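This report describes selected helices, strands and residue contacts of one protein model. Please consult the sequence and the structure shown below while reading.

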Amino acid sequence: MTSPKKSPKKSPIDLEQCLLLTGMGSFDWDLETGELGLDASALAVLDLRPDEFHGRVTSLQGRVPPEEAVRISFAVTEADTTGMDLYGVYFRVRHRDGSVHLTHARGRILRDDASRAVRAVGIVRTAADDGAQLAATDPREERRQGVALMVQGTTQALSRAVTVDDVVAVLSGASGLDRFAADGLVLGLVEGENLKLIALVGQTMQALDELKLHKVDESLPLAEAVVTRQPRFVGSLPDLGQRFTRLGPYIEHMQLDSAAFLPLVAQDRAIGGLALFYRGRKDFTDADRNLCIGLSGIVAQSLQRAMLFDEERDLAKSLQATMLPRGIPEVADSEVAVRYHAAWGGRDVGGDFYDVITLPRGRIGVVVGDVQGHDTHAAAIMGQLRIALRAFAGEGHPPATVLSRASRFLAELDTERFATCTYAQFDPATGIVRAVRAGHLPPLVRHVDGRVGVPRVRGGLPLGLATEFGMEDYPEVRLDLVPGETMVLCTDGLVEDAGLDLDTGIQNLAQVLSTGPEGAEDLADHLSGALWERWGSSDDVALLVLRRLPDPGTLQEPRIHRYVHQADPEGLADARAALRGHLASWGLGAVADDVEVAAGELLVNALVHTDGGAILTLEVLTGPPRRVRLWVKDRSSTRPRKRSPMETATSGRGLLLVEAVASRWGIEPRGEGKAVWCDFAVPGE
């Protein structure tokens, strides 16, 4: 009996072997850096050895002709601009034996969170079945199509360039050289009597870094093209070194063969020059020359438009700078930081403003506002309004009067613009803030425990509209900043985003504020970086951060402050826990129970029987004898009185408990309110 014949064991074939057998490979192209990843199968399709590929698009120049590279770049650019995710393109590949093969690439565009194309991944294959199509293709028609794609792709890319930096980014980006089918690119702008090179693109172009600023004369070929306004096409760069001896030392290092030096002329004025360098090219046909001259004209028009935009923007920024205060006054026991950010993509001018105003009796006024519009007229109105606000505040008027007069001032101007703002008077000695707002965002307050609150500041109509409708009332709200707390005022550009409503934006601001650094300057940078720069804001932003410096006392006499809100149910428990924690850290935990009982009773009295919150202060007094003192301050001038409740009464024992646990207690009038204090003897003293 014979055993059954076993089938031969097949060796497994991996994915890469399958791709090799089918003439198909994969690629991964970083569109921002130009880095290109090809697997072994893709290298085989392109007839490249591993040692010939260096992970860059430029490694394909020996196999993919320039006009074909333009075709590929245009297909990706078109998919990007039209919002398509998939693209496909046929292109020619010249193998090392001189044969030409039709190849097809199919890729997918990968985008970042801002919908910008960052990578292209896909497959590349030999289009063997399309050999008839390759044979029937007219080379002249292919050439014309390549030229059309090159011009179209360059025009399309530069059409989105707004500033000179944008133009440079297009020319120096990952596809910049592909658009011109070149191996090197130099862009220079005329500045007075000099030619300043603002872009050096290509592997060896950095050799010209020493020539970044040189005279506009005939000592260098690009400068000569600018002076004469005539292009120069050079089939042999080494021969050019004999005519331009100053360029000679750099030619050998660049390792390039030919070049085109093109003047950039716009409105009958030479504004700069463009140099294109090539490897492997020895001559320029009439079509090549016309193409280079046409491309230089496109670049010249884009640069002129961008230069005019930059000039307008600089003028607008200068106007904006003159309208904003030059400096911020120093405030006793406080920090103030301000920031102004112009909208991205616009002319960097708008109606947002801030100011810090010195007032009588050591107080200051802080204001943040926004005039309707984003143009020079809005900036001019802003400047006048800011000066008027400063004048009315400096006269010593209360906040409500300052805004009502500012509204009348704006209504009397020859403009239909209105403005929103929040204005507050701050007394650094007491921490009292009196705030009003006119159709603007409310302030945010970060407390010493890191929590962020949005005070209920009732608002009136925007300035100008309030006068027009006869409603100039601006309710004033008092806030209390204890040492260590921070108040933030801002315009809506910091919290608004296309996909968010205003309430969500304010919540985001509160979250970022709660985790930010302590110092006012660092916090202003933190808010700007985390919100405005992240949104890529299309609106201006004015930001003001006011921080009352902490008052920790000394090592021998430490001190803490907390504000307990009337509408915060957790504030009382948090305050009592904070007292116990600090007493333990000071080595005074023995009196923690008594202090906590007294603090609870005094805080409940203040929150229940007064209109507002309470400020809690705990400090150590060295004496002699050393003791712990607790303060509870509120806004009511009514003095609490000790009562004798009946046995069945459920209230009225607060001061009796305080008297029982404290060694002594008392009441002091404090401006608009009062402060109840009690002392606790330190055991052993």
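## Contact of H18 with H19

Asp-594, Ala-598, Glu-601 and Leu-602 in helix H18 meet Gly-654, Leu-655, Leu-657, Val-658 and Val-661 in helix H19; contact means heavy atoms within 4.5 Å. The residues of this contact comprise 6 nonpolar, 1 polar and 2 charged, where Ala, Val, Leu, Ile, Met, Phe, Trp, Tyr, Cys and Pro count as nonpolar, Asp, Glu, Lys and Arg as charged, and the others, Gly among them, as polar.

The axes of H18 and H19 (residues 654-661) come within 9 Å and cross at roughly 155°. Axes are lines fitted to C-alpha atoms, for helices over the stretch in contact, and angles run from 0 to 180 degrees between N-to-C directions. H18 and H19 are therefore roughly antiparallel to each other, a term for angles over 145 degrees.

## Basis of the model

The model is predicted: local features need pLDDT of at least 70, side-chain atom pairs count only at pLDDT 80 or more, and totals for chains, interfaces and linings use all residues. Residues are numbered from 1 along each chain as its sequence is written, and side-chain values use heavy atoms, with hydrogens and water left out. Helices (H or I, at least four residues) and strands (E, at least two) are DSSP runs, numbered from the N terminus.

## The sheet and its helices

An open sheet of 5 strands has the order S23-S24-S25-S27-S26, with antiparallel pairing; two strands pair if DSSP finds at least two bridges between them. Its edge strands, each pairing on one side only, are S23 (559-564) and S26 (664-670). Strand S26 is joined by 7 bridges to the antiparallel strand S27 (residues 673-681), and Lys-674 in S27 is the bridge partner of Pro-669.

Helix H17 (residues 571-585) lies across S23, S24 (614-621) and S25 (627-634), running at about 175° to S23. Helix H18 (residues 592-609) also packs on the sheet, where it touches S23, S24, S25 and S27. The direction of H18 makes about 10° with that of S25.

## Buried sites elsewhere

In helix H8 (residues 221-228), 6 of the 8 residues are buried, meaning under 20% relative accessible area (1.4 Å probe, protein chains only). These are Pro-221, Leu-222, Ala-223, Glu-224, Ala-225 and Val-226. Arg-229, which follows H8, has a positive phi near 60°.

Val-541 belongs to strand S22 (residues 541-548) and counts as buried at 0% relative accessibility. Leaving aside neighbours within four places in sequence, the contacts of Val-541 include Arg-339, Asp-352 and Trp-532.

Methods: Angles under 35 degrees count as roughly parallel, over 145 as roughly antiparallel, 65 to 115 as roughly perpendicular and the rest as oblique. Buried means under 20% relative accessible area, exposed over 50%, partly exposed in between (1.4 Å probe, protein chains only).
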